[in-house]
Amino acid sequence: GWSLNMRTEAQGLVKKAEKKGAKGKLFNTLNLHLSGKAPLDPPLEDQKRLISVFASKDYNGVLQRLEKFMGDFPKSALLHNLAGASHAALKNYEEAINCYQDSLKVDPKNAETHNNMAAALNDSEDHVRAEKSYKKAITLRPKYEGAIRNLGSLLSERGRYSEAIEC
């Protein structure tokens, strides 16, 4: 993050540039970020294109496209979650988990992200953390069938049948 002095100096430079007639996408983006009014997610059309590429199972293509957007939308939980899902599909579980953690820093109450991270943790054999993440997803959304089913499967695979039946 920027220090208060850096932000103040940058805002002063932007105001000077604005008085001199500065315009353009880069200038507008910088101004939005400095004002704290920048959107968290890319425009809806771009989101739809990314999700379409993901749906076509071109996970490397998604990751390449996400590089472009991450610079402009570093606090997009959606983009971090999509990167995590792409890495998980490519069996890059450590990177997937990192992406999900970044998503949760922005949106810690997102049950889907907790469930996705739990699946990546489970696939990477970190069953203790996976169980905690599934339970967190269920706490956030008590009737979340996917997380409940996933937790039941994890418990059953670990030989904890009586607990699995309760799911």
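In which helix is N81 found? The legends below begin with that residue. This is a predicted model, in which local features need pLDDT of at least 70 and side-chain atom pairs count only at pLDDT 80 or more, while totals for chains, interfaces and linings use all residues. Residues are numbered from 1 along each chain as its sequence is written, and side-chain values use heavy atoms, with hydrogens and water left out.

View 1. N81 is found in helix α5, residues 77–89. Helices (H or I, at least four residues) and strands (E, at least two) are DSSP runs, numbered from the N terminus. N81 is buried, with a relative accessible area of 15%; buried means under 20% relative accessible area, exposed over 50%, and partly exposed in between (1.4 Å probe, protein chains only). Leaving aside residues up to four places away in sequence, N81 touches Y100, S103, T113 and N116, where contact means heavy atoms within 4.5 Å.

**View 2. Helices α3 and α4.** The axes of α3 (residues 44–55) and α4 (residues 59–72) come within 8 Å and cross at roughly 155 degrees. Axes are lines fitted to C-alpha atoms, for helices over the stretch in contact, and angles run from 0 to 180 degrees between N-to-C directions. The crossing makes α3 roughly antiparallel to α4 (angles under 35 degrees count as roughly parallel, over 145 as roughly antiparallel, 65 to 115 as roughly perpendicular and the rest as oblique). On the α3 side the contact is made by D46, L50, V53 and F54, and on the α4 side by Y59, G61, V62, R65, L66 and F69. Sorted by class, the contact has 7 nonpolar, 1 polar and 2 charged residues. Here Ala, Val, Leu, Ile, Met, Phe, Trp, Tyr, Cys and Pro count as nonpolar, Asp, Glu, Lys and Arg as charged, and the others, Gly among them, as polar.

**View 3. The rings of F54 and Y59.** A search of the whole structure finds 1 aromatic pair. The ring centres of F54 and Y59 are 5.2 Å apart and the planes are at 65 degrees, so the pair is edge-to-face. Rings of Phe, Tyr and Trp (its six-membered ring) pair if their centres lie within 6.5 Å; planes under 30 degrees apart count as stacked, over 60 as edge-to-face and the rest as tilted. F54 is partly exposed, at 24% relative accessible area, whereas Y59 counts as buried at 17%.

**View 4. R141 and Y144.** The charged end of R141 sits over the ring of Y144, 3.9 Å from the ring centre. A charge sits over a ring if NZ of Lys or CZ of Arg is within 6 Å of the ring centre and within 35 degrees of the ring normal.

View 5. K91 is not a glycine, yet has a positive phi of about 65 degrees. Most residues other than glycine have a negative phi. K91 is found in the loop between α5 and α6 (93–106) and is exposed, with a relative accessible area of 60%. E125, also not a glycine, has a positive phi of about 70 degrees. Its place is in the loop between α7 (111–123) and α8 (127–140), and E125 is exposed at 57% relative accessible area.
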